[in-house]
Amino acid sequence: MRRLTTAVVLGAAVLGLLSLNPGPALADGMDCGFGPPRSSWVETSVTVAERGHDTSVMTSTTRVGVPRDWPGAAALLGDGSAVGCLLPDGGTPSVTMSADGTEVVVQSTQESRLDLYDIQGGGESAGLWSSRESGGTRLVALLPAFGAMPPGLAGARWRTVAVKTPESRVRTVTPLPSEVLPGGTYVWRDGAAPPRVEVVLPLSARAAFQRWTELRGQDVLTVATYLGFALPYLLLAGLLVLLRRRSADRDERVLIRITLGALVMITAVETVLVVGALTGTLFLAGVFHVPDTLAILVVAAPLCLAVWGLARTGLRRGGPMLAGAVLAVAAGLALLAAQALYAEPWGPLWVASAVATALLLTGAAWAIAVRAARVRGRTPRAVRVLLCWSVPGLALLTLAYVAHAAVVGLRTTGFLPGAATSPFFLLRGLSYLMWPLVVLLLLLLLRLHGRRTDSVGPSAVWLLVFLFVVGTIRWFNTYAGMPFSLAGLVGLAALPLLLRLTRRAEVADPGVSRRRLAMIVDEYRDLEQREKGLRRRWAAGEIDDAEHTKEIGPVADRIRRLRMEIGLDPDREDGLSPLDVALSRGPGVSWWANARLAARYASYVGAPAAVFLIWATWSTDSRGHDGWLDRLTDPNGFYGLAGDLIGGLLIWPVAGFVLGALWRRLPGRRGYLKGVVPVLAYAAATGAHAVLNNVIGQAPVRGSLVRVLLLFLVLTVVAVLMDARTLQTRPGGLASRLTPVAVVYRLGTAGSGIALIVAQAAAILGLWSQLRNGIDITSQVDTSAQAPISADAQVLMGRVDR
């Protein structure tokens, strides 16, 4: 009995070793039903290359020729039922006859994505080829890793076997190839049996890094995700703390404290996630709904504090509003408790807590905005109008986000995703869309500075820099699988550097109104023309010295009086003219007035650009989707579309506001030159993102040039309108406003107007070439930012989804 047991064990071991033999194995001929053909040939090739956004693809193409008289040939030409005798399952086979009609040729192409994160020993197959990753290398071999050689290939002649690796350097190749061609192509020819081809490819540095971050660097990836999102906010918080220490204005200190609270609310959920993931307590806390409770409290705290502050400022119905906020928070916590105790899975209560949290977030954003706006008295009319439109829009956005997540989750997986049931993961997604609240708070802070001073101080300049970066530059991106806020950091460095390199002294206040200065400019220009005419006539001998002195004397005296009226050197030794003073100062009495006017102009001028940008972004995105309807099938699609919509609408007034605020510091004696500095800063930020993606071989970023050209066009038109407003001497339509600036720019003659026309034509030509060659503008929000979270968080999400 013992001998029989030993024999059975040894037999099983031998069979197991044979099953692990990498050599080719033929399937049972009875599975085919036709038997192998008397003669056949095989040509097969495989290509391993990278495609798109960090995706390695193995593409296999196989051609098999069998005699026309083979019993399975009729089935091939008929319904194709005999294809399984010659080729593995999958692919799109095609059957044709040879030119002489003696053979039937079957061809199939199959593609398989190569995963960087599979377990050791696993792999992918495509046609007759297989691939697996092991120890930082990828092994590509002939014959599938799971399954056997198709039975119809028994005795086939292997005419050509080729492996193509155009982007990788091969480490080892076995057996010795018959031919090595350029471009990493290895060929084996005329084999009586299938060669045991094995090609070992080292992973690229980027692929190895991605694999490490996914399999071994979860903590690093979690921290990087947090820093990629929160780093610009943390830098802004540091600036605000510094300003609060230096400020002696009580109102400014209160507003800074409110802004810091908003930044804490936006970054709190991501902070909880990174702390829970690094400490390994996230799953255990999720079992008791601790993250969801913290998420509701994160929104509840600023909501109640802001409403309490409104009640203290004397806002009507402040007390009832505070009581309503407390009751709403209590209702949200009660719904969460009911969800934890509710037995029926996926009932209405599972979505109710997320809906309540979304509405609480809307209320918190409204309360923070109103409280910040009422730091000095009543809420400004502009803020009231903005909130009348934005608050209902934010409420609809949050509810639509929950509804979309629920519908897509149930349709694709049959389960409700975390964004529809968990307040924690809902707020994590919505926190990436809360930057317009930061823009509003920065504008209110700048409003306090604008009331105190007529010139932009150093602290106001830094606030403008952060406003420009937050409002116009997409800062969160992914590079080789690792998120980083490169674009935002480059923007924070580029704009101050350009302002420092091109800094010019502000022209002194002329001490007269804008209209009076415009009238002086108009009269001064006529007097200068008369003066030049008299000098030209005197030089030509048309008038004598006495007559020249008699006629030019009153003109020169009037010029001196006009220059003295606006504080210029009467002898014109300073090199400035009233026109230079007017265009350098801008149409506003202060930098704040210039900023408001430029923001209004940019909103009007940027409306067509916003429509074009949103259309182009929603038509196709960086992932290759064909339209917004297709993107809505993705769980993060609504989140990405909402970010594109907000960014497409907000970029223009924010850029116009920054242009107007820095108007008196920007170089150029004509307005259209002043937009060069912010455009260059924007180009440096978005260009850094595109350049790094191309350098590391990631998916190329398209659309950066389009965004830069659109911003240049909009800011140039805004600057021309600002100059036209500066030189306007009487009320009238658009034609009467543009006439003075057309004269100043000397359109139609050799002058600065030619440079304006050439620059605008070049920008329009660049946009036209982009449209002609096909446009692909990357999404404003990087939806991949939602995917890379730690394994602990993924387990928690799996518990929530089930």
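Two strands pair if DSSP finds at least two bridges between them, and I'd like to start there, with a sheet. Hi everyone, and a quick word on the source: this is a predicted model, where local features need pLDDT of at least 70, side-chain atom pairs count only at pLDDT 80 or more, and totals for chains, interfaces and linings use all residues. Residues are numbered from 1 along each chain as its sequence is written, and side-chain values use heavy atoms, with hydrogens and water left out.

So, the sheet. Seven strands make an open sheet with mixed pairing, in the order S3-S4-S2-S1-S8-S11-S10. At its edges sit strand S3 (94-97) and strand S10 (179-181), each pairing on one side only. On average, neighbouring strands here are turned by 15° against each other, direction ignored; the axes are lines fitted to C-alpha atoms, for helices over the stretch in contact, and angles run from 0 to 180 degrees between N-to-C directions. S3 runs antiparallel to strand S4 (residues 103-114), joined by four bridges, and Ser94 has Gln107 in S4 as its bridge partner.

Let me step back for a moment. The protein has 27 helices and 14 strands, where helices (H or I, at least four residues) and strands (E, at least two) are DSSP runs numbered from the N terminus. Of its 802 residues, 51% count as buried; buried means under 20% relative accessible area, exposed over 50%, and partly exposed in between, with a 1.4 Å probe and protein chains only.

Now to strand S7. How many of the six residues of strand S7 are buried? Six of the six, across residues 137-142, so S7 is largely enclosed by the rest of the structure. In a regular strand the side chains alternate between the two faces of the sheet. Here Thr137, Leu139 and Ala141 point one way, Arg138, Val140 and Leu142 the other.

On to the helices. Helix H20 (residues 591-619) packs against helix H22 (residues 637-661) at an angle of about 150°, the axes being 6 Å apart. The two are therefore roughly antiparallel to each other, a label for angles over 145 degrees, with under 35 being roughly parallel, 65 to 115 roughly perpendicular and the rest oblique.

Within H20 you'll find Asn594. Asn594 counts as buried because its relative accessibility is 0%. Setting aside residues up to four places away in sequence, Asn594 touches Arg585, Gly586, Pro587, Gly588, Gly660, Trp663, Arg664 and Met722, contact meaning heavy atoms within 4.5 Å.

Last, the cores. A nonpolar core is a set of buried Ala, Val, Leu, Ile, Met, Phe, Trp, Tyr and Cys residues joined through side-chain atoms within 4.5 Å. Which residues touch the most other members of the largest one? Leu437, Leu446, Leu467 and Trp652 do, out of 141 residues. There is also a second, separate core of 37 residues, with Ala75, Leu128, Trp158 and Trp188 among them.

Thanks, everyone!
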